[in-house]
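Subject: The structure for you to look at

Hello,

Here is the structure I promised to send over. Please open it next to this email, and then read on for what I found.

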Amino acid sequence: MASLGKPLQTFRCLLRELRQNYGVNRYRKTVAHSFIREHFRRNQVNNVMWDSPKEFRASLNEACEKNKQVTSEKLCLAHQELHFQASTYLCLLQSVRNHIFFHEEYHGKGERTVEEVAGLVGFKIPQQPGGKSWKG
């Protein structure tokens with residue numbers, strides 16, 4: 001199984017993809033942004049993100065001892081699940097953005113001239129000496 005990386009890095013990448021998809025000023029008003037922000041905040045204690053469930057449980061127990069509260073074990077189990085779902089959603093957002101880019105770039109636009117097709121693959125059509133075209 002591939003490494004998920006750090007949760008904070010995944011969170012920042014998700015926000016970057018939302019910003020690219022919705023625009024700089026509009027992405028904060030989306031449901032996806034509020035959902036992601038709320039769930040990442042819910043799965044951290046004292047503004048710290050963890051790399052392993054052991055670190056998370058230790059921090060949670062420490063916070064509970066300070067506050068004398070009883071917590072649910074569900075939080076500990078949901079931490080890794082949330083990170084996995086977030087990285088999966090990040091992959092989806094990146095793939096959709098790439099698909100739209102390539103679709104707009106290479107989608108058929110009807111008949112193209114020889115010069116357009118050559119330019120699309122990176123070639124240049126040779127010119128006849130004197131700047132005249134090959135067409136008579």
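Where is the place of Phe-40? Phe-40 sits in helix α2. I will come back to this residue below, after some background.

Please keep in mind that this is a predicted model, in which local features need pLDDT of at least 70, side-chain atom pairs count only at pLDDT 80 or more, and totals for chains, interfaces and linings use all residues. Residues are numbered from 1 along each chain as its sequence is written, and side-chain values use heavy atoms, with hydrogens and water left out.

**The overall picture**

Along the sequence the pattern reads α-α-α-α-α. Of the 136 residues, 24% count as buried; here buried means under 20% relative accessible area, exposed means over 50%, and partly exposed is in between, with a 1.4 Å probe and protein chains only. The protein exposes about 10700 Å², and carbon and sulfur atoms supply 56% of that area. Accessible areas come from the Shrake-Rupley method with a 1.4 Å probe, and for residues only the protein chains shown count as cover. As for contacts (heavy atoms within 4.5 Å), 55% of those between residues at least 6 apart in sequence join residues at least 24 apart.

**Helices α1 and α2**

Two packed helices are described by the angle between their axes and the distance between the axes. For α1 and α2, the angle is about 170 degrees and the axes are 11 Å apart. The axes are lines fitted to C-alpha atoms, for helices over the stretch in contact, and angles run from 0 to 180 degrees between N-to-C directions. α1 and α2 are therefore roughly antiparallel to each other; angles over 145 degrees count as roughly antiparallel, under 35 as roughly parallel, 65 to 115 as roughly perpendicular, and the rest as oblique.

Which residues in α1 and α2 meet? From α1 come Pro-7, Phe-11, Leu-14, Leu-15 and Leu-18, and from α2 come Ala-32, His-33, Ile-36, Arg-37 and Phe-40. By class, this contact has 8 nonpolar, 1 polar and 1 charged residues. In this scheme Ala, Val, Leu, Ile, Met, Phe, Trp, Tyr, Cys and Pro count as nonpolar, Asp, Glu, Lys and Arg as charged, and the others, Gly among them, as polar.

Ala-32, in helix α2, touches Leu-18 and Tyr-89, not counting residues up to four places away in sequence.

**Phe-40 and the aromatic pairs**

Back to Phe-40: this residue counts as buried because its relative accessibility is 6%. From Phe-40 to Leu-82 the C-alpha distance is 8.0 Å, although they are 42 residues apart in sequence.

A search of the whole structure finds 3 aromatic pairs. Rings of Phe, Tyr and Trp (its six-membered ring) pair if their centres lie within 6.5 Å, and planes under 30 degrees apart count as stacked, over 60 as edge-to-face and the rest as tilted. One of the pairs is Phe-11 with Phe-40, which is tilted, at 5.0 Å centre to centre and 45 degrees between the planes. This pair links distant parts of the chain, with Phe-11 in α1 (residues 7-22) and Phe-40 in α2 (residues 31-42), 29 residues apart. Both Phe-11 and Phe-40 are buried.

Another pair, Phe-102 with Tyr-106, is stacked, at 6.4 Å centre to centre and 20 degrees between the planes. Both residues lie in helix α4 (residues 74-106), 4 residues apart, about one turn of the helix. Phe-102 is partly exposed at 45% relative accessible area, and Tyr-106 is partly exposed at 48%. Phe-101, Phe-102 and Tyr-106 form one aromatic cluster.

**Two more residues to look at**

Ser-87 is in helix α4 and counts as buried because its relative accessibility is 18%. Leaving out residues up to four places away in sequence, Ser-87 touches Leu-4 and Thr-10.

His-107 lies in the loop between α4 and α5 (114-121). At 44% relative accessibility, His-107 counts as partly exposed.

Best wishes

How values were computed:
Helices (H or I, at least four residues) and strands (E, at least two) are DSSP runs, numbered from the N terminus.
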